[in-house]
Amino acid sequence: MSRYPTEPPLECDLVMKGGVTSGVLYPTAVCELATTYRFRSVGGTSAGAIAAAATAAAEVGRASGGFERLAGLPHRLTEPCANGRSTLFNLFQPARDRGSARLFGVLTAGMRTPAAPRRAAAAALVRGYAGRMGVGVLPGLALLLLGVVGGGWASVLAGGIGGVVVAAIGVLAAAASGLWSDLGQVRRFGLCAGMPGTPTRGRGPVGAPAPLALTPWLHRELQTLAGLDPDGDPLTFGHLQDAGVELRMMTTDLTQGQPVTMPWLNREYFFDPAEFAELFPPAIVEWMVDHAPAADPSPGEAFATAVRRLQNAPLLPWPDARDLPVLVATRMSLSFPGLLQAVPLHATNWAHPDNRAASAAVDEWRREHGDTDPARAAAEVPRARRQRTWFSDGGICANLPVHLFDSPLPGRPTFAINLDPFGDTRRRSADEAENSYLPAGSGGGRFRPWRTLDDARPAGLLGFGGAILDTARNWVDEQQLTMPGYSGRVVTIFQGSDEGGLNLDMPPEVVGHLAARGAGAGRRLLDRFAGAEPGVRDAEGWTLHRWTRLRLTLAGYQQWVDRFATAYSRPAPAAAPDDRPGDRPGYPDLLALHPDDLPGYRPSATHLAELARHAADLAADAAGWDPDAAADAAPRPRPALRLTPEMDESRR
């Protein structure tokens, strides 16, 4: 009998943090939860996005063994390939140019020899740039030779010392120039495209498979987990939606400087099939080429869309959310800067006056000539200029997006899996089940992790810079993790410096430790939130979580509605003697105006009256609140309800 019932007694949501190879611990945690919970919403960032996509795919293929296959993923990642290196290491193949291969070799040499990483990196540097270094040492040798030819011990000594110094400078300069030259050849800001590149040479077991690169490997895994033909149509967000599974993941639009939730509803983006052919398997590119979104049914928009598409050829419009392959969104979330290449799309900056003029020209052409000949219009009107927009790792802005799937009063738990290093407050235990932490009780999880910074050594500057970068990236997530009603559903898994992260060449025993640690974290969540009788009797942790969220929401609402009522009920400013009545209206006066007299955002008269009634009710509601009722034994810190942009809405 399968551990994973086709009809689990409970449902949950799950969010997972980024961490490159740290993702190897997620499958076992997910599979523990899958024994009791059906995953309804899953999200993540970077490596967490891979785990989220795999979880969603396994949920689609639950009845066909999806979670059984997911449970074996850590083992498959440690299997040796034909070159003798693990599958995990071979997923990251440098692009097919010598510069990327040399840089990748230098950067990963220390991972292959953890006992002496600096020596290994130096050896890789010599192997990669031996020719340049040989040229760089020549001036030093020439100086040494001159000292010997000059005769006399002083000349030899001066020539020897000077020759060694000049040779060392020459070697270092040659290595630096080689590194700089190779950096100049790196494409799309990363060493690895995710597609087949230059795999590491070596000799593995007889019959071992040839190494697959990250994106083709992930495509095969997602197809198999979902019970789909690996060579058939790709798994899409529509497949997930039809199975009752929601998948969301974070990426970062570096061109506009903001985090973005995928899949989006925005229709402004185009992609270049030639560029995508270098980043995704052929089946994925063919699918996207064949699934252009339908035009807006309104005549004007349909005509403008047709003109823009003709003008932007060979660029093609981004597919609708249902038709977007899960693999594409996952790869866009997993674009670790420097390691994996960023993904380019194309869009129009409508803030530019020339582009706005081009859009107006399309409308003017349609008014003069009708909408039956978009090809002629595309040839005659100015073209709005498309700009390449770069999407990189979602962890740049939101490495643990705990806000995904959030609700003031949750109907099912939204678990999150956090990753933190071992430290003074958390030591490694021989029992992997103890190497994770789930806050208990109403006061757990309130303390933020501390960093140790050392200003006594020059190397401390690196730690200082890292702390700045880490704080800038994660302070929003970290602040949310200490909030009651959030902290209690977040399990933190601890890792050593040799585990996860950029450790691409972890040995099987290390991956095994991480997998066991993930399973232990999953069991913690099960014990706390599912209990002994899942689906029959609510566990204490789930009841406490719901009660905390109720108290938190009421406390936040009381504070918010009190501020609303204070501002709403404030008398309108007195008008100056020469002003007309109503020139300085209060908030109730604004809602009493006719829609045509409003300065913008004009609703119908019926809806305006509804808004006025609701606003008055809110103001009256505040007067009936006893502030001590919401504050009495309320969770601390108190929440602050604020108006912030909805990420998904901003991308429509």
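**Group meeting talk: a walk through one predicted chain**

Let's start at one residue. Phe405 lies in the loop between E10 and strand E11 (414–421). Helices here are DSSP runs of H or I with at least four residues, strands are E runs of at least two, and both are numbered from the N terminus. Phe405 has a positive phi of about 65°, although it is not a glycine. Phe405 is also buried, at 13% relative accessible area. Buried means under 20% relative accessible area, exposed means over 50%, and partly exposed is in between, with a 1.4 Å probe and protein chains only.

Some ground rules. This is a predicted model, where local features need pLDDT of at least 70 and side-chain atom pairs count only at pLDDT 80 or more, while totals for chains, interfaces and linings use all residues. Residues are numbered from 1 along each chain as its sequence is written, and side-chain values use heavy atoms, leaving out hydrogens and water.

Back to phi. Most residues other than glycine have a negative phi, and most peptide bonds are trans. Ala633 has a positive phi too, about 55°, and is not a glycine. Ala633 sits in the loop between helix H23 (627–631) and helix H24 (647–650). Is Ala633 buried or exposed? Exposed, at 67% relative accessibility.

Next, the cis bonds. Met262 to Pro263 is cis, with omega near 0°. Pro263 is in the loop between strand E5 (258–262) and strand E6 (270–271). Ala313 to Pro314 is cis as well, with omega near 10°. Pro314 is in the loop between helix H14 (299–311) and E7.

Now the whole chain. The chain has 24 helices and 13 strands. Its C-alpha trace spans about 105 × 70 × 60 Å along the principal axes. Of its 652 residues, 45% count as buried. Take contacts (heavy atoms within 4.5 Å). Among those between residues at least 6 apart in sequence, 78% join residues at least 24 apart.

The axes of helix H8 (residues 130–150) and helix H9 (residues 153–183) come within 6 Å and cross at roughly 170°. Axes are lines fitted to C-alpha atoms, for helices over the stretch in contact, and angles run from 0 to 180 degrees between N-to-C directions. H8 and H9 are therefore roughly antiparallel. That label needs an angle over 145 degrees; under 35 is roughly parallel, 65 to 115 roughly perpendicular, and the rest oblique.

On to charges. How many salt bridges does a search of the whole structure find? It finds 31. Each has a side-chain nitrogen of Lys or Arg within 4 Å of a carboxyl oxygen of Asp or Glu.

Arg322 and Asp242 form one, at 3.2 Å from N to O. Arg322 lies in the loop between strand E7 (316–317) and helix H15 (326–333), and Asp242 in helix H11 (residues 237–242), so the pair ties together parts 80 residues apart in sequence. Arg322 is partly exposed, at 37%. Asp242 is exposed, at 59%.

Glu275 pairs with Arg388, with the closest N and O atoms 2.7 Å apart. Glu275 lies in helix H12 (residues 273–276) and Arg388 in strand E10 (residues 386–393), so this pair joins parts 113 residues apart in sequence. Glu275 is buried, at 11%. Arg388 is partly exposed, at 37%.

Last, a network. Salt bridges link Arg428, Glu432, Asp498, Glu499 and Arg517.
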